[in-house]
Amino acid sequence: MALSLQSDSRAVDAMVPVPYRVVGRARETADTVTLSLEPVGQPIATPSPGQFNMLYAFGVGEVPISISGIDAGQRVRHTVRGVGAVSQALCAAEAGAMVGVRGPFGTDWGVDSAAGGDVIVIAGGIGLAPLRPVVHELLRNRRQFRRVTVLVGARSPEEIVFRGEVASWQASARINVRTTVDYATAAWKGEVGVVPTLIERVTIDPEVTTVMICGPEVMLRFTAAEVLGRGVAAERVRVSMERNVQCGIGRCGHCQLGPVLICLQGPVLPWSRVGPLVARREL
Amino acid sequence: MNTIAELIAEESFFQGLDQDSLDFLAGCARNVHYAAGDRILTQGEPAHTFYVLRSGSVALSFYVPGRGGVIIDTLGDGDVLGWSWLFEPYTWQFDAEAREDVAAVAFDGVCLRTKCDADAHLGYLLVQRFAKVMLSRLQSVRMRMLDIYGPVTPV
C-alpha cells in the first residue's frame with residue numbers, strides 16, 4: 001500500500017484543484033449518482049483502487065470521495081451520496097459541469113499482494129464504490145487469484161449501488177457473488193439479513209485469504225469480527241476508513257484517528273492497526 | 001448412500017454430540033424435500049417439527065396488511081429452521097417458503113420434547129445449540145435496527 005504526495009514540493013500542488021468536466025452522470029439510487037470526470041487540462045496522477053480524490057463543487061465546498069472507476073485514458077468515476085450541501089451539489093452536477101479535483105490521495109487496497117490466494121470483497125451500501133475497481137482488477141487478472149468472493153449488502157434492493165453490474169458479475173459465474181438486504185418483499189430473490197451472516201456461507205481458507213471490507217463503521221466491526229472468527233489473521237483483513245478528511249495530505253489533522261492520519265496512512269488499513277482504535281469511543 | 005445419523009453428524013449444529021445422542025436424534029428424523037415455492041411453515045399453525053437445511057434456500061416471512069409478505073430472513077445450507085416446537089404454545093410465528101429446491105432433515109419435535117423431558121442432559125445440549133442460533137439471529141436483528149445504511153453526517 002503506497003503513500004502518496006509526501007514531499008513538500010508536491011504538497012503545494014496537491015492543494016490546488018485541477019479542473020475536470022462531468023462527461024457522464026448515472027443515477028445509482030434515490031440519493032446517489034456516479035459522475036464520470038475527464039480533465040480539461042493536465043490530469044491528476046492515475047489512481048489505484050482504494051484511493052480517493054477531493055472533489056470541489058465550485059462555490060460550495062470540497063469533500064473526499066472514493067474513486068469508483070478508473071477507466072482507460074484519464075477518465076475517473078466517483079460515486080457520490082448526496083447527504084449535505086457539497087455532496088448534493090456534486091450529485092446535481094449535469095454533463096458539461098465543471099468540478100475541481102485534488103488527488104489521488106491515500107493508500108490503496110494492495111490487490112497485487114493478494115495474488116496467488118483467495119480474495120473476499122465485502123461491501124455495505126455505498127462501500128461498494130471504492131471496492132468496484134478492485135472487482136474490476138480481480139476480473140481482469142482472474143487467473144492470478146484462487147477463489148474470489150464478493151459479498152454485497154444494502155438497506156433494500158433499490159439501494160444496491162451498481163445493481164446492473166453486480167447482476168452481471170453474478171451471471172458471469174467467474175466469481176462468487178452474494179447479495180443481501182436488510183428489508184425486502186417477496187419479489188427480492190437475493191438474501192435477507194446483515195452482511196456478516198453471509199460470511200458463514202462462504203468457504204474460507206484462512207491461511208491464504210485476503211479480505212477487503214468497506215461500509216459503515218458498525219458494519220466493519222461486525223464483519224471483521226466474523227472474519228476473524230473464521231481464523232483469518234487481522235493483518236490479512238483490510239478495511240477502508242472514513243473520517244473528516246480536509247487537506248488530504250496529512251497537514252490539518254482533521255482526519256486523525258488516534259495516532260493514524262486517515263488521509264495519509266489510510267483510508268485502507270489492516271484491521272490489526274485500526275481494529276483497536278475503532279473499539280475506543282470518541283477517538 | 002449416507003444414513004440419517006451420518007447426515008446429521010456432518011452438520012455443525014450437532015457437533016459435539018456423542019454417538020448415542022446422534023443415534024437418538026436420527027430416530028426422530030427423516031429426509032424431506034421441497035420444491036421452489038412450496039410452503040414449509042405457516043404462521044399460526046401447530047409447530048411440531050424443526051429442520052436442518054442441507055441445500056437450497058428458505059425465506060422466513062411475515063404477512064403485513066397492506067404490504068403483503070415481508071421477508072424477515074433467508075436461510076441456507078446448514079441453517080436451522082424453526083424453534084417454536086421447543087416453546088409453548090408450539091405455534092409457528094412466521095411463514096417459511098422454499099425459494100429454491102430444498103433438501104433438509106426434519107425432526108419430530110414431539111418425539112424430541114418427550115425425550116428431553118426424560119433426559120435433561122440431552123435437553124440441555126439441544127437447548128444450548130438452539131440458544132446459540134437464537135443469539136446469532138438476535139444480533140443480526142439488533143444490527144439491522146441500527147439502520148447502518150440510513151442517514152449519515154451531512155458533507
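Helices (H or I, at least four residues) and strands (E, at least two) are DSSP runs, numbered from the N terminus. Axes here are lines fitted to C-alpha atoms, for helices over the stretch in contact, with angles from 0 to 180 degrees between N-to-C directions; two residues are in contact if their C-beta atoms, placed from the backbone, lie within 7 Å.

Do keep in mind that this is a predicted model, in which local features need pLDDT of at least 70, side-chain atom pairs count only at pLDDT 80 or more, and totals for chains, interfaces and linings use all residues. Residues are numbered from 1 along each chain as its sequence is written, while chains are lettered from A and ligands numbered from 1 in the order in which they are written.

**Confidence**

- The mean pLDDT (the predictor's confidence in each residue, from 0 to 100) is 92 for chain A, where 96% of the residues reach 70 or more.
- Residues 1–7 of chain A have a pLDDT below 50, and this stretch makes 16 contacts in the model beyond near neighbours in sequence.
- Where pLDDT is low, the predicted coordinates should not be read in detail.
- In chain B the mean pLDDT is 91, with 97% of residues at 70 or more.
- For the complex, the predictor gives an ipTM of 0.83 and a pTM of 0.90.

- An open sheet of seven strands in chain A has the order β11-β9-β8-β7-β12-β13-β16, with mixed pairing; two strands pair if DSSP finds at least two bridges between them.
- At the edges sit β11 (191–192) and β16 (268–270) of chain A, each pairing on one side only.
- Strand β9 (residues 176–181) of chain A is joined to β11(A) by two bridges in the parallel sense, and A:Val181 has A:Val192 in β11(A) as its bridge partner.
- Helix α3 (residues 128–140) of chain A lies across β7 (118–124), β8 (148–154), β12 (209–214) and β13 (237–240) of chain A, at about 155 degrees to β7(A).
- Among the buried residues of α3(A) are A:Arg132 and A:Glu137, along with A:Leu128 and A:Val134.

**Domains of chain A**

- The domain assignment, whose bounds come from an automatic or database source, gives domain 1 (8–105) and domain 2 (111–240) in chain A.
- Twelve residues from domain 1 of chain A and 13 residues from domain 2 of chain A take part in the contact.
- On the domain 1 side, β1 (18–29), β4 (61–70) and β5 (76–81) of chain A each supply at least two residues, and β4(A) gives the most, with five residues.
- The C-alpha centres of the two domains of chain A lie 25 Å apart.

**A loop residue: A:Val40**

- A:Val40 is in the loop between β2 (32–39) and β3 (52–57) of chain A, and it counts as exposed because it has 11 C-beta neighbours inside 10 Å.
- Leaving out residues up to four places away in sequence, A:Val40 touches A:Pro19, A:Tyr20 and A:Arg21.
- A:Met98 is 58 residues from A:Val40 in sequence, yet their C-alpha atoms are 8.9 Å apart.

**Chain B and its strand β7**

- Chain B has four helices and eight strands, and its C-alpha trace spans about 60 × 35 × 30 Å along the principal axes.
- From strand β7 (residues 95–98) of chain B, B:Asp95 and B:Glu97 point one way and B:Ala96 and B:Ala98 the other, and all are buried.
- Strand β2 (residues 39–41) of chain B pairs with β7(B) in the antiparallel sense over two bridges, with B:Arg39 bridged to B:Glu97.
- Strand β4 (residues 58–64) of chain B also pairs with β7(B) in the antiparallel sense, over four bridges, and B:Val58 has B:Ala98 as its bridge partner.

**Where the chains meet**

- In the model, 25 residues of chain A are in contact with 20 residues of chain B.
- The largest share of the chain A side, three residues, comes from α6(A).

Definitions and conventions. A residue is buried if 20 or more other C-beta atoms lie within 10 Å of its own, exposed if 12 or fewer, and partly exposed in between; C-beta atoms are placed from the backbone.
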